[in-house]
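Dear colleague,

I am handing over the structure we spoke about, and below it you will find my notes on what turned up when I went through it. Please read them with the model open beside you.

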Amino acid sequence: EALIYPALHELENDGQLISYELTTQGRTRRYYKLSERGMKQALEETEKSGAKGNVNTTIVDAAPLAGG
């Protein structure tokens, strides 16, 4: 846990992630999704690595797309 949040904040500060909060049953949770810049970077890195599959769909479907 201690390692993931600094990485998320760094990616958000770099403009690769967008965060938003949703409150459900009185509990506020923070969600992260890739920005356009983050999606472009992820796809470029995937192409460089030679990974196969539909990374675009995998990344987009990984989190709810609300609030931004």
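Helices and strands here are DSSP runs, a helix (H or I) having at least four residues and a strand (E) at least two, and they are numbered from the N terminus. Please keep in mind throughout that this is a predicted model.

With that numbering, glutamine 16 has its place in the loop between α1 (4-13) and β1. Glutamine 16 is buried, its relative accessible area being 15%, and its side chain makes a polar contact with the side chain of aspartate 14, at 2.5 Å. Leaving aside residues up to four places away in sequence, glutamine 16 touches Leu11, Lys33, Leu34, Ser35, Arg37, Gly38 and Gln41.

The two strands come next. β1 and β2 pair in the antiparallel sense, over eight bridges, and leucine 22 stands opposite arginine 29 in β2. Together β1 and β2 form a hairpin that has two residues between the strands, and in the turn glutamine 25 has a positive phi of about 50°.

The structure holds one aromatic pair. This pair is formed by tyrosine 20 and tyrosine 31, which are stacked, with 5.7 Å from centre to centre and 20° between the planes. Because tyrosine 20 lies in strand β1 (residues 17-24) and tyrosine 31 in strand β2 (residues 27-34), the pair ties together parts that are 11 residues apart in sequence.

Which residues of α2 are buried? They are Gly38, Met39, Ala42 and Thr46, and since these cover an arc of only 100° around the axis, they are on the same side of α2. On the other side of α2, by contrast, Glu36, Lys40, Glu47 and Lys48 are exposed. Just after α2, glycine 50 takes a positive phi, of about 80°.

Key:
Residues numbered from 1 in each chain as written. Predicted model: local features only at pLDDT ≥ 70, side-chain atom pairs only at ≥ 80, totals over all residues. Heavy atoms only, no water. Phe/Tyr/Trp six-rings, centres within 6.5 Å; stacked < 30°, edge-to-face > 60°. Pairing = 2+ DSSP bridges. Buried < 20%, exposed > 50% of the residue type's maximum accessible area, 1.4 Å probe, protein only. Polar contact = N/O pair within 3.5 Å; in protein donor to acceptor, adjacent residues only side chain to side chain. Contact = heavy atoms within 4.5 Å. Arc of directions from axis to C-beta.
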